[in-house]
Structure formats: C-alpha cells, structure tokens
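Me: Could you pick one part of this structure and take a really close look at it with me? I'd like to know where its side chains sit and what they meet.

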Amino acid sequence: MKESEPSMSWSQRRSPQWLQKTPAARRYAFRLSWAIFAFVVLSFGLSYLSFHGFHPKGIVAYLFAVLPAIAIIATLVSGGMYLGEETDEFQRHLFVQSILWGVGGIMVLTSVWGWLQLYTHIGHFFTIWTFPFFLVFQSVSWQALRWRNR
Amino acid sequence: MGCLQTNPAVRRYFYRFVPTMTAYAVALLIAEWAIHRFHPRGALLYGLAVLPAVPIIGIIVIVGLYLAEEKDEFQRNLLIQTMLWGLGAILSLTSVWGWLQLYAHVHPFQPFMTFPLFWCFQAVATAVLRWRYR
C-alpha cells in the first residue's frame with residue numbers, strides 16, 4: 001500500500017501549483033466561508049419570513065434589515081485580516097487587484113442598470129444583490145489573476 | 001496637503017483622478033441631456049447608458065496605477081483600508097436598503113448612486129484614518 005504524504009492536504013495534492021493557497025489564504029477562505037454561510041442563512045431566513053407574511057414594522061423592521069449587513073462587514077473584515085496576515089507581497093497585490101476589479105464590476109453594473117432602469121422598461125435592480133455580485137466579480141478576478149500569474 | 005506637494009505618486013494620482021471624475025460628471029450630463037432631448041431607443045439608448053460607466057473603469061485603473069506606483073507602504077495600506085471601509089459601507093447600505101424595501105416599503109434605491117456614495121464613504125474613511133494616524 002502506498003503511504004500518503006501526511007504534510008500535504010487532499011486539496012494540495014489535487015490542486016495545480018497556482019491554485020495552492022498560502023496559510024493566510026486558507027485562513028481567509030475559512031473565515032469567508034463562515035461569513036458567507038451567515039449571510040446566506042440570514043438572507044434566506046428573512047426571505048422565508050417575508051414570504052410567510054412576516055412584515056415587522058418600525059424599529060424591528062430596521063433591526064431585521066441590518067442583520068445580513070453584519071455578515072457583509074464580516075466578509076470585508078476577513079479580507080482586511082488576510083491582507084494583514086499575508087506575508088507574500090505578490091499574493092497581497094493580486095488580492096488588492098481583485099478587490100479593485102470587484103469594485104469596478106459592481107460600479108459599472110449598478111451604473112448602467114440605474115440608467116437603463118430610468119429610461120427603459122428593465123426591471124428594478126434589487127440592491128440586495130449588490131453584495132453577491134461583488135463577491136462573484138472579486139472571486140472570479142482573483143482566480144483569473146492567480147491563473148495569469150501562475 | 002503637504003503630502004500632495006512631496007509625493008509624486010499622489011500627485012500623479014490626483015492629476016489622473018480629477019479629470020476622470022470630471023469626465024464622469026460630463027458623461028452623466030451628456031447622457032441625461034441626449035436621452036431627454038432625442039428620446040433614443042435600442043442600441044443608442046444602451047450606448048448612452050453605458051457612457052458614464054467608461055470613466056468608472058478609468059477611476060478603478062487609476063487607483064490600481066497609484067497602488068503600483070506608490071513606494072510608501074503606509075500610504076498604500078491607507079488607501080486599501082479606506083477602499084475596504086468604503087466598500088463595506090456601500091454594500092451594507094445597499095443590503096439594508098434592499099431589505100427595508102421589502103419590509104418597510106421604503107423608496108427604491110437608485111443603483112447609479114452606488115458609485116458616488118462609495119467615494120463619499122471612502123472620503124470619510126480617509127479623513128478618519130488620517131486623523132487617527134496623525
């Protein structure tokens with residue numbers, strides 16, 4: 001029987017070099033997963049309550065609306081912690097670039113959609129989607145930048 | 001304002017940032033005027049809607065260039081931190097607003113306000129962090 005290498009995780013053995021993560025990036029992925037999990041649970045929970053006739057008023061409505069934003073702040077804090085912990089300056093640089101692409105992507109999307117919303121019959125942009133779209137833009141550009149600089 | 005006189009990267013950043021932001025404002029005005037004046041349809045309307053987004057890409061590229069050119073790591077980190085705070089604020093605002101739209105039936109948020117509001121939040125974060133690190 002072939003002995004497996006104990007120092008390497010499953011993902012490290014299966015991943016190509018450019019996909020392998022530094023310890024700081026692994027910690028970031030762990031924290032980000034929990035923050036996204038919290039965001040998804042809170043968002044689905046609120047949607048479920050809303051569809052089932054739960055429409056709180058006044059301060060309670062505001063408190064419920066703020067809940068998913070706490071998870072959003074947690075994802076950005078985990079990004080800030082990654083930048084503080086990452087010792088590889090090049091990886092840090094790629095991460096910052098990916099945030100810029102994420103910001104650019106979301107700003108272009110909301111700007112174009114906003115104008116089209118005013119002057120065409122396009123549906124309203126539901127602003128709850130801003131954060132998931134940012135995450136998609138940022139994650140895709142991060143992996144693209146890592147692949148390009150592999 | 002001392003840093004503006006001494007740091008070439010910051011100077012270049014502002015020389016690029018100010019005209020591009022002006023181009024954004026001009027593109028907004030042109031798009032607004034042309035849509036109201038000519039009532040275009042189809043591809044032309046979509047083209048006019050995309051017009052203000054071009055300087056937005058320019059601004060993001062300018063920030064990227066500054067981060068590449070800035071030699072002072074502290075200044076670089078400061079900009080990154082302020083961008084993260086600006087981003088956190090705008091994403092939280094849009095999320096909270098979205099849920100309030102659903103629950104409290106508040107007026108819909110105009111998506112094109114995301115870009116100017118992001119820079120407002122970033123400017124506030126810059127002022128706060130500069131004060132903190134004074």
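Reply: Let's start with a term: buried means under 20% relative accessible area, exposed over 50%, and partly exposed in between (1.4 Å probe, protein chains only). By that rule Glu85(A), at 26%, is partly exposed.

Two bits of housekeeping. This is a predicted model, where local features need pLDDT of at least 70 and side-chain atom pairs count only at pLDDT 80 or more, while totals for chains, interfaces and linings use all residues. Residues are numbered from 1 along each chain as its sequence is written, chains are lettered from A and ligands numbered from 1 in the order in which they are written, and side-chain values use heavy atoms, leaving out hydrogens and water.

Helices here are DSSP runs (H or I, at least four residues; strands are E, at least two), numbered from the N terminus. Chain A has five helices and zero strands, and 39% of its 150 residues count as buried.

Go back to Glu85(A). Its side chain meets that of Arg31(A) in a salt bridge, 3.0 Å from N to O. Glu85(A) is in H3 and Arg31(A) in helix H2 of chain A, so the bridge ties together parts that are 54 residues apart in sequence. A salt bridge needs a side-chain nitrogen of Lys or Arg within 4 Å of a carboxyl oxygen of Asp or Glu. Arg31(A) is partly exposed too, with a relative accessible area of 23%.

Now look at Thr75(A), also in H3. With 4% relative accessibility, Thr75(A) counts as buried. Leaving aside residues up to four places away in sequence, Thr75(A) touches Leu32(A), Ala35(A), Ile36(A) and Phe131(A); contact means heavy atoms within 4.5 Å.

Next up, the rings. The structure holds 23 aromatic pairs over all chains. Rings of Phe, Tyr and Trp (its six-membered ring) pair if their centres lie within 6.5 Å; planes under 30 degrees apart are stacked, over 60 edge-to-face, and the rest tilted. One is Tyr28(A) with Tyr82(A), a tilted pair, 5.4 Å centre to centre with 35° between the planes. It links distant parts of the chain: Tyr28(A) is in H2 (residues 23-51) and Tyr82(A) in H3 (residues 58-85), 54 residues apart. Both of these tyrosines are buried.

Tyr82(A) pairs with Trp142(A) as well: their ring centres are 5.9 Å apart and their planes at 65°, so this pair is edge-to-face. Here H3 is linked to helix H5 (residues 130-148) of chain A, the two residues being 60 apart. Trp142(A) is buried, like Tyr82(A). Arg146(A) lies over the face of Trp142(A), 5.6 Å from the ring centre; the rule wants NZ of Lys or CZ of Arg within 6 Å of the centre and within 35 degrees of the ring normal.

What about the other chain? Chain A and chain B have two salt bridges between them. H2, H3, helix H4 (89-119) and H5 of chain A each give two or more residues to the side that touches chain B. H4(A) gives the most, with 18 residues.
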